[in-house]
Amino acid sequence: MRLRLIRHATLLLEYNGQRFLIDPMLDNAGARPAIQNSPNPRKNPLVELPIPAADVVREVSAVLVTHTHSDHWDATAAERLPKTIPLFGQPEDEAKFRSQGFSDVRSVHESTDWNGITIARTGGQHGKGEIGKAMAPVSGFVLSAKGEPTLYVAGDTIWCEEVDGALTEHHPAVIVVNAGAAQFLEGGPITMSADDVIQTCRKALRSQIVAVHMESINHCLLTRDDLAFQLEAARLTGKVSIPQDGEWVELCPAA
Ligand SMILES: [Zn+2]
């Protein structure tokens, strides 16, 4: 397994001989307006891709989309990807993918097998209370294969029962969490805050955590430096990788 952060939640994953593109957001910087009713109103994405979009999609064998908010699936991704590529996602997004011309849409209800890889869907809460309901549905995915470390991509969720349950059920070696503590003008964070990342670490003591989803979208207020600072205070620095855009994640030997 090899894992590379492209930008925000967009990841390239080499797993069991396949190359997955996860949550592709490939728009140029400033292509979209700021998120409505959010702090720090600046056009999105805030930063450019670290490599050209054409290189991101090159030789990708499948795409995995946790949900279709524009910071996880945008117009450029829909345009650049081959329409026949296997596209895994949550059932609620199938109609959208088909309407965009994708012919090999594979909705994951509970789990599915593909080329020796089991892809299981997990739940999450994209915020608390009314905001969380309005932002739903969101999913995460757990990938497992013989001879590969189990990988849990939690998706856009705060620390919640569903994440706790996924950790108990799947015992992932590597966990990708979407941090950034994204928020609107009212209500609490809708993605993980530093405290949520810390909770995840404390629950998953044997796992390597990879924190992404920072510094690319205007309403993600938690920066990499803020997160690193709070992890240090909690004595968890070594447990969490915070990759820069374009960086391959160094996986711990245990993974
Ligand atoms: Zn997001």
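H213 is buried in this predicted model, with a relative accessible area of 2%. D156 is buried as well, at 2% relative accessibility. Both values fall under the 20% cut-off, so the two residues count as buried.

| Residue | Relative accessibility | Class |
|---|---|---|
| D156 | 2% | buried |
| H213 | 2% | buried |

**The zinc site**

What do these two residues hold? Together with D71 and H72, D156 and H213 coordinate the zinc ion. The aspartates D71 and D156 each contribute OD, while H72 and H213 each contribute NE2, at 2.1 to 2.2 Å. If you follow the chain, the donors are spaced as D-H-x83-D-x56-H. D156 and H213 lie 57 residues apart and link distant parts of the chain. You will find D156 in the loop between β10 (151-153) and α5 (161-170), whereas H213 sits in the loop between β12 (208-212) and α7 (224-233).

And the geometry? The 4 donor atoms make angles of 88 to 151°. A tetrahedral site would need all angles between 85 and 135 degrees, so this site is classed as irregular.

**The sheet**

Now to the strands. An open sheet of 7 strands runs in the order β7-β8-β9-β10-β11-β12-β13, with mixed pairing. At its edges are β7 (111-114) and β13 (240-241), each pairing on one side only. Within the sheet, β8 (residues 117-122) and β9 (residues 140-144) pair in the antiparallel sense over 5 bridges. For a handy landmark, look at I119, whose bridge partner in β9 is L143.

Methods:
Residues are numbered from 1 along each chain as its sequence is written. This is a predicted model: local features need pLDDT of at least 70, side-chain atom pairs count only at pLDDT 80 or more; totals for chains, interfaces and linings use all residues. Side-chain values use heavy atoms; hydrogens and water are left out. Donors are N, O and S atoms within 2.8 Å of the metal (3.2 Å for Na, K and Ca); water is not among the atoms, so sites may look incomplete. Four donors count as tetrahedral if all angles lie between 85 and 135 degrees; four count as square planar and six as octahedral if opposite donors are over 155 degrees apart and all others between 65 and 115; anything else is irregular. Helices (H or I, at least four residues) and strands (E, at least two) are DSSP runs, numbered from the N terminus. Buried means under 20% relative accessible area, exposed over 50%, partly exposed in between (1.4 Å probe, protein chains only). Two strands pair if DSSP finds at least two bridges between them.
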